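Work through the exercises below with the sequence and the model at hand. Each task is followed by a solution in steps.

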Amino acid sequence: MSDHALEFIQHLQSLAQKNRGALAALRRSAGFAPGTYPPAFPHVERFVPASSHAEDSYRLALYVTAALFARHPQHMAGQSLATTLGRLISARDSGSIEQRFVALLAADAEDVPQYLRQLVSLLAADGHGLDYASLLQDLSAYLRPSQFDGRDDRNKVRQRWARDFYRQLTTQA
Amino acid sequence: MKGRVCLLDQAWLPVRYTDGQVREVGLLQLFADADRISGLAETTPPSLIALYRLLLAITHRAFIRGLGRWSISDIKRYYREGLPVAVLQDYLEHWRERFYVFHPTWPFMQVAALATAEETREKSKPWTQISLASSNGNAPVLFDHAVDTLATRVPVAQLLRQMLGFLQYTPGGLVKTVRDSDKAGPLANTAAILPLGDTLAQTLCLALHPASLEAEGDLPAWERPPPDMAALLAAPSLATGPNDRYTRLSRAVLLLPDDENGHTVSQIRFAAGLALAEDEHAPDHMASYRAGNTGMVRLGFSEGRAIWRDLPTFLPDASGKHALPAAVLSHASKLLTQQGVTPGWLAVMVLGVASDKAKLLRWRVERFNLPQALLGQEDAAQVLRHYLRLGEELFGELRKTASAMLAKAMPDPDHKDTGSRARTIFDNGPAPAAYFSSLESRLPQLLPLIANMQADAVDHYWKEARLAAAEIAWASVCRQLGDSARALRARAQSEPFYLGLLKPLRPVTASQPKEPSNV
């Protein structure tokens, strides 16, 4: 886990405790394309590396993570999103969560924030926390355009999510 | 005797000299130069093995004529010092009359009676009828897309070689002349094995069948009376011995020369031949048998299966339950042991044609080296059999797991047909080839380890080889699966089973990799 990501999550956690207005602005930013809602800038932009351009995947991931955190401010280190969802599905005994998860795996980069928002809302409803720092890193890989450098980081992330999710299901079954 | 095409003098056998030069020679020249020839240079597998069998029959008969009976120490000497050329040439000269291609009474390896018989007198067929590589009649195309209604002219030397291959490998079935159908040739559907020496002379010594008591009566086709129509109509007969099998006229053919010189042929007469009845107690010297569901079955080529997977079939098996190796290998092994050469490698060539009824499916030549130690030690052969079986078993499990994964990625995974469709997709995909080619590349190191009885090293080595092969195969199935969400789900669900399969193969000390290496 990079220190930078942890620092960012700590910053969000302190906002959640001290600055509820900031949290509201971040929550509101989810209705816009990542990184385009000016009231969110003061809370996120300071963490964007100086060399980044506007569409840099890390910058976008910071905004998406901040918006998700604002919706469900419960960071729990070591609990990846997919594992937590796997736990939720067995707790709720509901098949629709798996469908939503599969839809997330099949999603394009621009739709991912939308699907994540729904899933995080589900987690919030049942009070399951998740590791936002690892989500930030996954998103930064997921949102990186892969067709240029041929690294296919997106696929690796999707595979890891699928593995975490279904292993959680198998261990509980 | 149009053009007096005599195979003793006429250049018709392509050979490769030890200096690399390839040219065509006649039979006399071939035996005279046998020490300087590294092997036959024929390129089509059926003709290649048929030519070797022809040379073996000639050598065998020449030795019987010139030496009477002979012992292994004679062959040992010939192996070391070269063939007794005078004996061979004397034999060929004695039967010179029978080696003319267009002889009125004894055309070489043909049936002269077809020229006068009522059934064939008026009929001729294009030469492609006796060429396994050509499209003819209803036979599906193997390589050639030519139409056979307008037959081209073909040089007689080339056609003769094709005819010899055809006589050995003709699949059984429809003939419609003289008889409706006929038995298959002696090597049909067989992967024939031939031990190879450094020179043609050595190869002939290694593969020569011993002189037995019955050998006197075992005559090749040219020493027999010319078959008449009654012989063609007769019931199938058992082979009198290897010489008969090596030169059996399994179809009756008569080449029709295009002109007086007889250099080319475009039409032939064709009919059923001297049908061969198979006797399970007298197997072909070059055929190996392996255990099948109902008794022993002849080893042939099938699907994409490489012949090394049946390697133990060539090795001695005391129990007689698993394999019946080709007799020619035990002759070779005996000769080399007697020779007192330090244990080394024996090069062998496995070649043949696979057919389904009358359809030719594929032909193939494979060449590999066997440690001599394995040919002599039954327990070593047993060990090899065990390790190859482990390889097959892992593949079986991998196939099951991978097919289940493919099924999960398909619409309606629970439908009863989905499973079999998934297995077909797996079988036709790249994974089986990836798995077995990876294992095959490890074989040259495995064989000496087994031959030297290094039990721990073998075990460790083969575990590693299987692990690597399984990883390559799994990665290729995953690539085949794609990266749709459904595929990712299937993959995530099946991965634990796959990792479970590999667990016993991983070294105990190494920790599990965090990310499976198939990404």
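**Exercise 1.** What percentage of the contacts in chain A with a separation of 6 or more comes from residues 24 or more positions apart?

*Solution.* The model is predicted, so local features need pLDDT of at least 70 and side-chain atom pairs count only at pLDDT 80 or more, while totals for chains, interfaces and linings use all residues. Residues are numbered from 1 along each chain as its sequence is written, chains are lettered from A and ligands numbered from 1 in the order written, and side-chain values use heavy atoms, with hydrogens and water left out.

Step 1. A contact means heavy atoms within 4.5 Å.
Step 2. Residues 24 or more positions apart account for 71% of the contacts in chain A with a separation of 6 or more.

**Exercise 2.** Describe the make-up and the extent of chain A.

*Solution.* 
Step 1. Chain A has nine helices and zero strands (DSSP runs numbered from the N terminus: H or I of at least four residues for helices, E of at least two for strands).
Step 2. The radius of gyration, taken over C-alpha atoms, is compared with the globule rule, 2.2 Å times the number of residues to the power 0.38. Chain A has 15 Å, close to the 16 Å that the rule gives for 173 residues, so it is as compact as a globular protein of that length.
Step 3. The C-alpha trace of chain A spans about 45 × 40 × 30 Å along its principal axes.
Step 4. Of its 173 residues, 50% count as buried (under 20% relative accessible area; exposed is over 50%, partly exposed in between; 1.4 Å probe, protein chains only).

**Exercise 3.** Locate the largest nonpolar core.

*Solution.* 
Step 1. A nonpolar core is a set of buried Ala, Val, Leu, Ile, Met, Phe, Trp, Tyr and Cys residues joined through side-chain atoms within 4.5 Å.
Step 2. The largest has 169 residues, and L27(B), F99(B) and L255(B) have the most contacts inside it.
Step 3. Another core, of 59 residues, lies apart from it and includes L26(A) and Y132(A).
Step 4. Leaving out residues up to four places away in sequence, L255(B) touches, among others, F102(B), I130(B) and M163(B).

**Exercise 4.** Trace the sheet that contains β16 of chain B.

*Solution.* 
Step 1. The three strands of this open sheet are ordered β8-β16-β17 (chain B), with antiparallel pairing (two strands pair if DSSP finds at least two bridges between them).
Step 2. Its edge strands, β8 (191-196) and β17 (359-371) of chain B, each pair on one side only.
Step 3. Six bridges join β8(B) to β16 (residues 345-356) of chain B, and L194(B) stands opposite M349(B) in β16(B).
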